[in-house]
Amino acid sequence: MESHEQQPIKISNLETTASHRQFLCRPFLFKCSSVIFAESELKQLRRFGSWMEALVAGLIEPTSQTQQDFCECFCGDREPSTSFELTFQKLLHRREFEAENFNSAKYRHYDTAEAWFARSACWRSRPE
């Protein structure tokens with residue numbers, strides 16, 4: 001029986017295997033607010049976000065030196081330098097920020113003008 005090794009395939013200058021394609025076709029869930037991202041960063045994350053997460057999580061093996069460098073960047077071996085690395089780092093920092101600050105004022109804003117009060121306390125209902 002012959003072995004079926006996965007042959008690398010070129011997709012938009014990105015060398016990948018079938019396991020990589022599985023994550024490239026997957027929709028990306030931000031799991032945080034996306035308002036801080038520029039349009040170019042949003043496009044990168046929508047297209048490659050699931051793949052980048054899988055690569056960093058070890059679900060797929062890097063097939064090139066660039067991919068290996070990407071993984072090393074998030075293991076703490078070096079600082080991010082490419083646009084992919086910087087965008088993914090921004091995403092991770094945003095997720096971390098929102099997780100730590102979930103109970104901050106932006107999530108439980110309270111305006112006293114919107115408070116409920118008894119009708120008798122309203123100045124309009126008082127006799128003059």
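**Labels and their grounds**

Guide: The accessible surface of the protein comes to about 9700 Å², and 53% of that belongs to carbon and sulfur atoms. Accessible areas come from the Shrake-Rupley method with a 1.4 Å probe; for residues, only the protein chains shown count as cover. This is a predicted model, where local features need pLDDT of at least 70, side-chain atom pairs count only at pLDDT 80 or more, and totals for chains, interfaces and linings use all residues. Residues are numbered from 1 along each chain as its sequence is written, and side-chain values use heavy atoms, with hydrogens and water left out.

Visitor: How many helices and strands are in the protein, and what pattern does it follow?

Guide: The protein has 4 helices and 2 strands. Along the sequence the pattern reads β-β-α-α-α-α. Helices (H or I, at least four residues) and strands (E, at least two) are DSSP runs, numbered from the N terminus.

Visitor: Why is Gln44 called buried?

Guide: Gln44 has a relative accessible area of 15%. Buried means under 20% relative accessible area, exposed over 50%, partly exposed in between (1.4 Å probe, protein chains only). The value of 15% is therefore in the buried class. Gln44 is found in helix H2. Buried residues make up 27% of the 128 residues in the protein.

Visitor: What is the largest nonpolar core made of?

Guide: The largest nonpolar core has 18 residues. Phe30, Phe37, Leu45, Trp51, Met52 and Leu91 have the most contacts inside it. Such a core is a set of buried Ala, Val, Leu, Ile, Met, Phe, Trp, Tyr and Cys residues joined through side-chain atoms within 4.5 Å. Helices H1 (18–24), H2 (39–57), H3 (65–74) and H4 (83–100) each give two or more residues to this core. H2 gives the most, with 7 residues.

Visitor: Which residues does Phe30 contact, leaving aside its neighbours within four places in sequence?

Guide: Phe30 is in contact with Phe37, Leu42, Leu45, Arg46, Leu91 and Arg95, those neighbours left aside. Contact means heavy atoms within 4.5 Å.

Visitor: Why is H2 called roughly perpendicular to H3?

Guide: Their axes come within 9 Å and cross at roughly 70 degrees. Axes are lines fitted to C-alpha atoms, for helices over the stretch in contact, and angles run from 0 to 180 degrees between N-to-C directions. Angles under 35 degrees count as roughly parallel, over 145 as roughly antiparallel, 65 to 115 as roughly perpendicular and the rest as oblique. H2 is therefore roughly perpendicular to H3. Trp51, Met52, Leu55 and Val56 of H2 meet Gln67, Phe70, Cys71 and Phe74 of H3.
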